[in-house]
Amino acid sequence: MGEMIKMVIVLTILSSLSGGVLAYVKESTQERIEMQVLQLVKGPAIMSIFKDATNDPVADRFSIDDEGTNLDFFVAKIDGKQMIAFETSGKGYGGDVGLVVGIDTSTDKIFGVGVTTHSETAGLGSKAKDDPKFAAQFAGVDIKGPIQVGDPINALSGATITSDAVCSAATDAGEIYARLKPQIEKELQAFK
Amino acid sequence: MAKSITHEFMKGLWEEVPPFRLVLGLCPTLGVTTKMQFGIGMGLATTFVLVCANILVSMLRKVVPAKVRIACFIIIIATFVTLVELLMQAFAYPLFLQLGIFIPLIVVNCIVLGRAEAFASKNGLMLSIADGLGIGIGFTMSLAALGALREILGAGTITLWEGIELVNLVNLFPGFQPFQFMVQAPGAFICLGIMLCFMNMVGNR
């Protein structure tokens with residue numbers, strides 16, 4: 001009986017200590033990790049879309065609660081027009097393909113897209129991120145859709161599933177945009 | 001057998017170097033060594049976990065009841081692995097993106113649990129630290145060597161760290177065509193096999 005109790009006590013103490021230490025470290029690194037993700041993952045994609053922005057789109061952002069998940073919206077000013085960008089994802093060949101979609105709020109057309117995270121095959125699916133010509137096809141497409149491979153988007157050769165994933169991410173972005181438009185416009189007032 | 005700290009440290013570098021001599025921890029060995037840089041990063045992360053886990057296991061070896069020792073080891077190891085994962089996300093995010101799933105998988109790396117069970121739970125603190133450091137550095141060097149071999153054949157470069165290229169064959173010899181095959185999964189087995197073969201040849205002399 002004594003051994004039994006000892007086992008329970010040792011395991012309990014170890015687990016609680018472990019939980020405590022990890023909770024503390026998670027708490028204290030959380031902010032830094034979020035900054036790293038912003039700067040190194042979303043940042044480059046956002047900056048590649050809004051090259052000509054007169055403000056800093058990564059710094060000017062707001063978030064809206066969309067059916068329980070917090071979505072970050074990035075605001076850019078180009079030629080006096082307001083653009084927003086946010087991230088969605090689609091199912092690719094090797095997992096989720098993250099896509100930042102930039103939308104011109106005055107015309108409801110896509111201004112540009114950029115792939116953030118992916119695990120697609122190097123040299124084939126990875127071109128969605130590396131080949132600027134693929135992303136450039138999205139510019140000017142109506143966000144209401146339909147956005148699909150064939151028309152208006154030409155698939156990457158050898159990477160149909162990746163191309164589908166990017167299109168479905170863009171379509172999702174259109175749906176989210178349509179659903180949250182009133183809230184987005186309200187928030188944008190603050191950045192005028 | 002007299003146990004000296006130097007001996008416990010040195011054995012991990014050649015005699016018992018993990019992927020080649022013990023043939024343990026092959027999952028990360030094969031998975032992350034597409035570039036030398038990833039091998040080094042993975043090796044350092046594993047070394048950190050190995051040393052910390054060895055310290056705690058050795059310190060607690062008289063307290064932990066024998067029947068639940070494996071459970072206790074796993075708690076200790078998992079704690080340090082999660083710690084490494086969080087710290088890497090916060091301070092070396094690009095490396096974390098590349099190593100991805102292999103960082104959490106250090107928990108089930110049999111080298112770490114193996115050293116805790118076979119060594120640290122039976123030996124004193126200093127010896128355990130030496131053992132963890134030796135095995136860890138041996139593992140790092142093996143991964144770096146395998147990574148360097150695969151990278152030079154598969155991509156024509158050797159990257160020591162993000163942005164620091166030691167050699168670039170593609171620039172040196174513009175006609176050089178890298179074997180794409182070497183940075184894919186089968187290339188890992190072939191390179192590992194070749195290196196094992198050479199290590200055995202040298203060792204048998």
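Biologist: How do the axes of α1(A) and helix α5 of chain B lie relative to one another?
Modeller: In this predicted model, the axes of α1(A) and α5(B), the latter spanning residues 69-91, come within 8 Å and cross at roughly 10 degrees. Angles under 35 degrees count as roughly parallel, and α1(A) is therefore roughly parallel to α5(B).

Biologist: Which residue classes make up that contact?
Modeller: The contact of α1(A) with α5(B) has 14 nonpolar, 7 polar and 2 charged residues.

Biologist: And how many residues are in contact between chain A and chain B as a whole?
Modeller: On the chain A side there are 17 residues, in contact with 17 residues of chain B. The chain A side divides into 9 nonpolar, 4 polar and 4 charged residues.

Biologist: Turning to chain A itself, what is the strand order in its sheet?
Modeller: The order is β1-β2-β3-β4-β5, an open sheet of 5 strands with antiparallel pairing. At the edges are β1 (61-66) and β5 (109-115), each of which pairs on one side only. On average, neighbouring strands are turned by 30 degrees against each other, direction ignored.

Biologist: How many bridges join β2 and β3 of chain A?
Modeller: Strand β2 (residues 69-78) and strand β3 (residues 81-91) of chain A pair in the antiparallel sense over 5 bridges. Within β3(A), M83(A) is the residue opposite A76(A).

Biologist: Which strands does α1 of chain A lie across?
Modeller: Helix α1(A), residues 2-49, lies across β2, β3, β4 (96-104) and β5 of chain A, and runs at about 145 degrees to β5(A). Helix α4(A), residues 160-188, also packs on the sheet, where it touches β1, β2, β3, β4 and β5 of chain A. The direction of α4(A) makes about 140 degrees with that of β3(A).

Biologist: Take G90(A) next. Where does it sit, and is it buried or exposed?
Modeller: G90(A) lies in strand β3 of chain A. A residue is buried if 20 or more other C-beta atoms lie within 10 Å of its own. G90(A) has 22 C-beta neighbours inside 10 Å and so counts as buried.

Biologist: Which residues does G90(A) touch?
Modeller: Not counting residues up to four places away in sequence, G90(A) touches V97(A), L99(A), A165(A), V166(A), S168(A) and A169(A). The C-alpha atom of G90(A) is separated by 11 Å from that of V115(A), which is 25 residues apart from it along the chain.

Biologist: On to the hydrophobic side of things. Which residues of the largest nonpolar core touch the most other members?
Modeller: Of its 48 residues, those are A45(B), V49(B), A53(B), I76(B), I77(B), F80(B) and V112(B). At least two residues of this core come from each of α4 (36-59), α5, α6 (93-99), α7 (110-120), α8 (125-154) and α10 (185-204) of chain B. The most are given by α4(B), with 13 residues.

Biologist: What does I76(B) touch there?
Modeller: Leaving aside residues up to four places away in sequence, I76(B) touches A53(B), L56(B) and V57(B). A second, separate core of 41 residues includes F73(A), I84(A), F134(A) and I176(A).

Biologist: Last topic: how do β1 and β2 of chain B pair?
Modeller: Strand β1 (residues 157-161) and strand β2 (residues 164-168) of chain B pair in the antiparallel sense over 4 bridges. The bridge partner of W161(B) is I164(B) in β2(B). The two strands form a hairpin with 2 residues between them, and G163(B) in the turn has a positive phi of about 90 degrees.

Key. Residues are numbered from 1 along each chain as its sequence is written. Chains are lettered from A and ligands numbered from 1 in the order in which they are written. This is a predicted model: local features need pLDDT of at least 70, side-chain atom pairs count only at pLDDT 80 or more; totals for chains, interfaces and linings use all residues. Two residues are in contact if their C-beta atoms, placed from the backbone, lie within 7 Å. Ala, Val, Leu, Ile, Met, Phe, Trp, Tyr, Cys and Pro count as nonpolar, Asp, Glu, Lys and Arg as charged, and the others, Gly among them, as polar. Two strands pair if DSSP finds at least two bridges between them. Axes are lines fitted to C-alpha atoms, for helices over the stretch in contact, and angles run from 0 to 180 degrees between N-to-C directions. Angles under 35 degrees count as roughly parallel, over 145 as roughly antiparallel, 65 to 115 as roughly perpendicular and the rest as oblique. A nonpolar core is a set of buried Ala, Val, Leu, Ile, Met, Phe, Trp, Tyr and Cys residues joined through C-beta atoms within 7 Å. A residue is buried if 20 or more other C-beta atoms lie within 10 Å of its own, exposed if 12 or fewer, and partly exposed in between; C-beta atoms are placed from the backbone.
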